[in-house]
Amino acid sequence: MAKLGDNVIGASGLPAFFKVANADEVKIDTPENRKGDALRTWVRSLSGFQKEALVRSAKTGDTWRLVSDEGPYLNGHDAAPCPLAFLSAGMAASFMNEMLALAESRSTEIRKLRLVQNNYYTMKGSMPKRTMEGGAENVELEVEIDCDLDDGALSEFLIDATCASPVNGLMRGRLESLFKLGRNGRPLPTAKAAELDAPLLPDPGGDRFAASAPAASDPALMEPVGATPKKDVAKGTASGGSSLSDEQDRRLNIGAVAVLREDGIKEIQQMQYSPYGTSFRFLSSEDGRAPDAGTLVSAGIGFCFMTQFGRFVSMLHLDLPDYRIAQDTHFSLGGASGGTGKAGEADPIETHVYLETGESDETAKEMLDISEQTCFLHALCRTDLKTKLKVVRI
C-alpha cells in the first residue's frame with residue numbers, strides 16, 4: 001500500500017530528539033505543579049501519522065522535542081518510534097529509577113540489573129459502526145538482577161519499587177481523562193468525552209514548533225536498531241495496513257529492554273512485536289542529558305491520542321487537514337527517587353484539542369469521542385492494572 005503523507009521527519013535535517021534551547025521564546029510553559037511534577041506536552045500533526053511534540057517539565061525545567069511515526073501496519077514511513085514505544089520506554093525508565101533509588105536508600109548493592117518489560121493492548125470492534133475500542137492489559141516485568149537479598153526480601157523490594165514509580169499512578173485505579181475542544185479557533189462543548197472545567201488553553205499552532213532550536217545536536221538520543229526479533233502474539237498483526245481495517249480484534253505487544261550504562265544513562269530498546277515493526281533504541285536520564293521518564297510517558301500519551309484522530313479520519317474519509325493538542329500530565333515524585341516513601345500517584349490527563357476542519361461541530365465532537373475511545377493509553381489510565389513481576393537471578 002502507498003505510504004500516507006510525506007516523510008517530513010526524514011527530510012527535516014533535524015535530530016529526531018533534542019533539548020530545546022529557547023523554550024521561553026517558543027512560549028511553552030508548564031501547568032501549576034500540584035503533585036511533584038507537571039508536564040505540558042504540545043503535539044502537532046506533520047504529515048500522515050508523523051507527529052512532533054514539545055514537552056516541558058516543571059520539575060526539571062527542561063523542554064524536549066520528540067517525533068513519532070508509524071510503521072507499515074498504518075502505512076507509515078517508520079521514520080521514528082511509534083507512540084506506544086514512548087510509554088514503554090518511559091515506564092521501564094521509571095521502574096529502574098525507583099529500583100536504583102530504593103536500593104541506595106536501603107544500602108542494598110545491585111551489581112547487575114536488566115529489565116525486560118512487555119506492554120499489551122487490545123483493539124476490538126467496528127469503526128464504521130463506531131464500536132471500535134482500545135484496551136490495555138496488565139504489564140509483565142521480568143527483572144534480571146544480581147544482589148544479596150534473599151527471595152522473599154527481593155520480592156518485597158521489587159513490589160515496593162514498582163509501586164513507588166509515578167507511572168503507577170496512571171495504572172492503579174481508574175482515571176477518567178478530561179478534555180477541552182476547539183474547532184477552527186472556536187471553543188466547543190464536548191459530547192461523550194468528559195469536559196475539563198477550565199478555559200481552553202491558547203492554541204500552540206502557528207510557528208511555535210518551528211521556532212524551537214536544539215541546545216545541542218545529538219542524534220544518538222534515539223536511533224533505529226533494526227527489525228524486532230519475531231515472537232508469537234495471540235491475535236497479533238504484521239500485515240501492511242492491518243491497523244486500518246474496518247473490523248478489528250487484535251492484540252498489541254510492545255516490549256522494552258532496559259539496562260544502565262556506566263555513565264548512568266538508561267539505554268532502552270523498544271520491541272515492536274505486534275503490530276510487527278522496527279525496533280528503536282531510546283536513551284533516558286533524570287539529569288538533563290537525555291529525556292526523563294516523565295517526558296517519554298507524557299509524549300507517548302499525546303502521540304497515541306493524536307494517532308487515533310488520524311486513523312479515524314483516514315478510515316472515514318473526513319476532512320481534518322490540521323490538528324494539535326496541549327496536554328497536561330501531573331505526577332507525584334517517586335516514592336524512592338523523590339524520598340516520599342509513598343506509592344506513585346497521578347492525576348487524570350487533561351487535554352486541549354484544536355481541530356482545523358470543514359466538518360460540522362457535531363462531527364468535530366465525534367472525532368474527539370472516537371479518538372478517546374480508541375486510544376490505548378487513555379484506556380491504560382481508565383483501567384485498573386497491575387505489574388506482574390518475574391525475577392531472574394543473574
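On a 1 Å grid over the protein atoms alone, a pocket is an open set of points with protein on both sides within 12 Å along at least five of seven lines, a cavity is a set of points where a 1.4 Å probe fits but cannot get out, and lining residues have an atom within 4 Å of a point. The structure is a predicted model, in which local features need pLDDT of at least 70 and side-chain atom pairs count only at pLDDT 80 or more, while totals for chains, interfaces and linings use all residues. Residues are numbered from 1 along each chain as its sequence is written, and side-chain values use heavy atoms, with hydrogens and water left out.

The second largest pocket is lined by L4, S45, G48, F49, G310, V313, S314, L318, L320, P321 and Y323. Its space amounts to about 190 Å³, a volume being the space filled by probe spheres set on the grid points, which are joined across faces, edges and corners. Helix α6 makes the greatest contribution to this lining, with 3 residues; helices (H or I, at least four residues) and strands (E, at least two) are DSSP runs, numbered from the N terminus. By class, the lining of the second largest pocket holds 7 nonpolar, 4 polar and no charged residues. In this classification Ala, Val, Leu, Ile, Met, Phe, Trp, Tyr, Cys and Pro count as nonpolar, Asp, Glu, Lys and Arg as charged, and the others, Gly among them, as polar.

The largest pocket contains about 270 Å³ of space. It is lined by 20 residues, and K59, N97, P166, E286 and G334 are the closest to its centre. At least two lining residues are supplied by each of β2 (36-47), α3, α6 and β14 (322-332). The lining of the largest pocket comprises 7 nonpolar, 8 polar and 5 charged residues.

Rolling a probe the size of a water molecule over the atoms shows where empty space is left. The count comes to 3 cavities of 30 Å³ or more. The largest cavity holds about 140 Å³. Its lining consists of 18 residues, with E70, Y73, L74, L252 and F376 nearest the centre. Two or more residues of this lining come from each of α3 (83-105), β11 (247-260) and α6, and α6 provides the largest share, 4 residues. In the lining of the largest cavity, 11 residues are nonpolar, 4 polar and 3 charged.

The second largest cavity has a volume of about 40 Å³. The residues lining the second largest cavity are D69, E70, G71, Y73, D78, A80, C82, Q272, G277, T278 and F280. They divide into 4 nonpolar, 4 polar and 3 charged.

The packing of helices was then considered. Two packed helices are described by the angle between their axes and the distance between the axes. Here axes are lines fitted to C-alpha atoms, for helices over the stretch in contact, and angles run from 0 to 180 degrees between N-to-C directions. Angles under 35 degrees count as roughly parallel, over 145 as roughly antiparallel, 65 to 115 as roughly perpendicular and the rest as oblique.

Helices α3 and α6 pack at about 160 degrees, with their axes 7 Å apart, and are therefore roughly antiparallel to each other. Their crossing is left-handed; a crossing is so named if the near helix is turned anticlockwise from the far one by less than a right angle, and right-handed if clockwise. In contact (heavy atoms within 4.5 Å), P83, L84, F86, L87, A89, G90, M91, A93, S94 and N97 of α3 meet A293, L296, V297, A299, G300, F303, C304 and T307 of α6. This contact of α3 with α6 has 13 nonpolar, 5 polar and no charged residues.

Helix α3 also packs with helix α4 (residues 151-164), at an angle of about 125 degrees and with the axes 8 Å apart. That angle makes α3 oblique to α4, and the crossing is right-handed. F95, E98, M99, L102 and A103 in α3 meet F157, L158, D160, A161, T162 and A164 in α4. By class, 8 of these residues are nonpolar, 1 is polar and 2 are charged.

The axes of α6 (residues 293-316) and helix α7 (residues 361-374) come within 8 Å and cross at roughly 120 degrees. These two helices, α6 and α7, are therefore oblique to each other, with a right-handed crossing.
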